[in-house]
Amino acid sequence: MQRFDWRIYPLIVGEADVPQVLDAFWSLTREKSLVSVPIMAWLLMPMFEGEPILVDTGFRDADRCMKIQGLGPHRMNPEWTLETQLSKHGLKPEDIKTVILTHLHYDHAGGCALLSHAKFIIQRTELQAAAAPMVSPQLDFGGGALFYDRKDIADLIDPLWPRVQLIEGDEEVAPGVTCVLFANTHTPGSQAVYVQTSRGNAVILGDIARKVDLNINKGIPPGLFYDLEATYRAMKQIKKDADFILPSHDYEEVRKYSKGLPSEE
């Protein structure tokens, strides 16, 4: 089988303070304090003739995250804008032609409107769940939509709809880049992104897991999931498949791969 070599860069596109109980299912952790986590996107750069791919896009607006979602502190600064982060790699937003959305929560799908030339690859089941989430009206956080921002979803349905590419299940979307559906894990249509690199297979998780050691290596599912058994099986499968595991809210991974994966050194 032919292999394709990609280099992967973490992009910090915001920051949030979240409770550590999100890291372990049913809040079975002694750590109850808040921790600052990055809001991340991932830039895939081909080491062959091809185009860059962006995985996830960050949130729409920090104040909106707190007001609409009913969440704690969120932060944005000029250094963390998608435009600034892409510019560090010689790119502009209009240079991005393909965006893969691991899922449609507010902190992953909020920047789509900034990418004027991109198509957006989403699992069909995820868009369906995001458009009509099953949620109690009594829930006082999550924006009444289980952390889907109605404006983000409205953008994807219209006016971005002509550039939305819905997939169903596993699909290679570029040479060496495959979307893998892990249904009913973090969300109904969460997908991981499997990427070939010169040193092995990298898996970008979205929020299927939050911490590599706790969730993947120790097999303790994170705190937000739809089906506990599906999440557990997903973590076991990812551990088997991956040489490198890339979660979306862990500064340790940012530091580890700040110069790109594999290392440019």
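Two strands count as paired if DSSP finds at least two bridges between them, and strands themselves are DSSP runs of E with at least two residues, just as helices are runs of H or I with at least four, numbered from the N terminus. With that in hand, let us walk through the model. It is a predicted one, in which local features need pLDDT of at least 70 and side-chain atom pairs count only at pLDDT 80 or more, while totals for chains, interfaces and linings use all residues. Residues are numbered from 1 along each chain as its sequence is written, and side-chain values use heavy atoms, leaving out hydrogens and water.

Start with the whole chain. Eight helices and twelve strands make up its secondary structure. The radius of gyration, taken over C-alpha atoms, is 17 Å, close to the 18 Å from the globule rule (2.2 Å times the number of residues to the power 0.38) for 265 residues, so the chain is as compact as a globular protein of that length. Of these 265 residues, 53% are buried, meaning under 20% relative accessible area with a 1.4 Å probe, counting protein chains only (exposed is over 50%, partly exposed in between).

Now look at the open sheet. Its seven strands follow the order β4-β1-β2-β3-β5-β6-β7, with mixed pairing. At the edges stand β4 (74-75) and β7 (164-167); each has a single partner strand, so one side of each lacks a neighbour in the sheet. Further in, β3 (residues 53-55) and β5 (residues 98-100) run parallel and are joined by three bridges, with leucine 54 partnered by valine 99 in β5.

Next, find strand β10 (residues 191-197). How many of its residues are buried? Seven of seven are, and they cover both faces: Gln191, Val193, Val195 and Thr197 lie on one side, with Ala192, Tyr194 and Gln196 on the other. In a regular strand, side chains alternate between the two faces of the sheet. Strand β9 (residues 177-181) pairs with β10 in the antiparallel sense over five bridges, and here valine 180 has alanine 192 as its bridge partner. β10 also pairs with β11, antiparallel over five bridges; valine 195 meets alanine 202 there. A hairpin of two residues joins β10 to β11.

Leaving aside residues up to four places away in sequence, alanine 209 touches Asn215, Ile216, Pro222 and Pro247, a contact being heavy atoms within 4.5 Å. Serine 248 is 39 residues from alanine 209 in sequence, yet 8.6 Å away in space, C-alpha to C-alpha.
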